[in-house]
Amino acid sequence: MNAMAVLTSRPSPAPPGPLSLPRPFWMLWLGTVINRTGAIVQPFLSVYLVQVQGFTLTQAGAVMTAFGAGSLLSHVLAGWLADRLGRRVTLTGGMLAASAAMVGLGAASGFPVVAATAFLLGLTIESYRPASQAMVADLVPYALRPRAYGLLFWAVNLGYSVAMVVGGRLADQGTHAIFGVNAAVAVAFAAVVWRTVPESRPSAGPTPAAGLRAVRRDRLMLAVCAVTMAYGVLYAQAFTTLPLAMAEQGISRTHFGLAMALNGILIIAVQPLAGAWLARRDPCRVLASGTALVAAGFALTALVHDVRGLALTVAIWTAGEIIIAGTGPTIVAALAPAERQGTYAGVSGMSWAAGAVVAPVLGTALLPLGPEVLWSVIGLVGTLSAVGALLIAGPIRRRTMSGAGQRISAPQDLEQPCRPSY
């Protein structure tokens, strides 16, 4: 596609409303809400391991590490399968396998068996993400993708809010019910997709090895993954180091929970309203701006000494999170060949997961040095991620406009290079 073709095929400045998204997307969205509403095993797994299984903290940590290792691999594996076998088969099969793993983990006893089943659960529980991302790329026109990915992000947070309430009550009772509930909603998600979402894979697709070789040769995609991993290191601090740091500042668990609840409230209330406006903006600038705002929110945590200050910083980095919501998947989908959408999405997801693995290692190493050092370094990591997003913006623009990928330019920015605005 040459530049003239891009200019003549530009969409209208105002994309259609969200209801114009295709029906299969809304079925995928509904299944995601159902699945996340009952996703109560992962948030309370460590509590279950200590209170019900009677594991020591060291044993519980080892089991959670096994779970994380499985989750790290699941993105790439599911991405391969989505391109090789199809999106629908991968998503439904993965959810059925996750359901079986949850039942197995709930019935398991003894450290070796629990660790092994936790690894299997990690290997399957996130398998729906690359397939879902590839489905959106297949089904939704480019101009509507940022909004579609943003709505999936909203669905995850909407369901998560419910899951935390339900899961908290079940975890307090110390029962095995969390595994049964989570297994049931995973099956329901699989059923909704299998019955209402058609297979969207455009061709037979490459072999898994060929797909990975293509990603390894794609330097621009690898650069996107580096930016994604750095952002994962930044954002995952909210659920790893931040609770520990706030406890040292004398903020109680109750007050910390109330401040963190602001994150979900803002996402649920604001993200659908902001999605339409953000969809008309250049994804390069949106990604850089949102990442910079998240970095600023965490850097300002160095000044927090009470719950009000914490709530303010949570609001700041949540605003950045809302801005970014639909942008990363949109960029990845634009760079990926149609037959490799799943593989590219899986590698991107693994980059995020790798950042989340590094986050507690870096955070806990910096924590003894004091809040100023801790949050300054974390803010610097986020700033580097934002700068990286700006540095790769030009190559992304040139590649997509030359026809190597799909158009990524926002309508009003087609004639302008993607560069920072001062």
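This is a predicted model: local features need pLDDT of at least 70, side-chain atom pairs count only at pLDDT 80 or more; totals for chains, interfaces and linings use all residues.
**Helix pairs**

| Helix pair | Axis separation | Crossing angle |
|---|---|---|
| Helix 3 and helix 9 | within 11 Å | roughly 160° |
| Helix 14 and helix 15 | within 7 Å | roughly 165° |
| Helix 4 and helix 17 | 7 Å | about 175° |

Helix 3 spans residues 41–51 and helix 9 spans residues 177–196. Angles over 145 degrees count as roughly antiparallel, and helix 3 and helix 9 are therefore roughly antiparallel to each other. Their crossing is left-handed. On the helix 3 side the contact is made by Val-41, Leu-45 and Tyr-48, and on the helix 9 side by Ile-178, Phe-179 and Asn-182.

Helix 14 contributes Val-286, Leu-287, Gly-290, Thr-291, Leu-293, Val-294, Gly-297 and Phe-298 to the contact, while helix 15 contributes Thr-313, Ile-316, Trp-317, Ala-319, Gly-320, Glu-321, Ile-323 and Ile-324. By class, the contact of helix 14 with helix 15 has ten nonpolar, five polar and one charged residues.

Helix 4 covers residues 57–84 and helix 17 covers residues 341–366. Their packing angle makes helix 4 roughly antiparallel to helix 17. From helix 4, the residues in contact are Leu-72, His-75, Val-76, Gly-79, Trp-80, Ala-82 and Asp-83. They meet Gln-341, Gly-342, Thr-343, Gly-346, Val-347, Gly-349, Met-350, Ala-353 and Ala-354 in helix 17. The contact of helix 4 with helix 17 divides into eight nonpolar, seven polar and one charged residues.

**Cavities**

The model has four cavities of 30 Å³ or more. The largest cavity holds about 120 Å³ of space. Its lining consists of 15 residues, and those nearest the centre are Pro-146, Leu-278, Ala-279, Gly-326 and Thr-327. Two or more lining residues come from each of helix 8 (145–173), helix 13 (253–279), helix 14 (283–299) and helix 15 (307–324). Helix 13 gives the largest share of the lining, four residues. By class, the lining of the largest cavity has eight nonpolar, five polar and two charged residues.

Notes
Residues are numbered from 1 along each chain as its sequence is written. Side-chain values use heavy atoms; hydrogens and water are left out. Axes are lines fitted to C-alpha atoms, for helices over the stretch in contact, and angles run from 0 to 180 degrees between N-to-C directions. Angles under 35 degrees count as roughly parallel, over 145 as roughly antiparallel, 65 to 115 as roughly perpendicular and the rest as oblique. A crossing is left-handed if the near helix is turned anticlockwise from the far one by less than a right angle, and right-handed if clockwise. Contact means heavy atoms within 4.5 Å. On a 1 Å grid over the protein atoms alone, a cavity is a set of points where a 1.4 Å probe fits but cannot get out, and a pocket is an open set with protein on both sides within 12 Å along at least five of seven lines; lining residues have an atom within 4 Å of a point. Grid points are joined across faces, edges and corners, and a volume is the space filled by probe spheres set on the points. Ala, Val, Leu, Ile, Met, Phe, Trp, Tyr, Cys and Pro count as nonpolar, Asp, Glu, Lys and Arg as charged, and the others, Gly among them, as polar.
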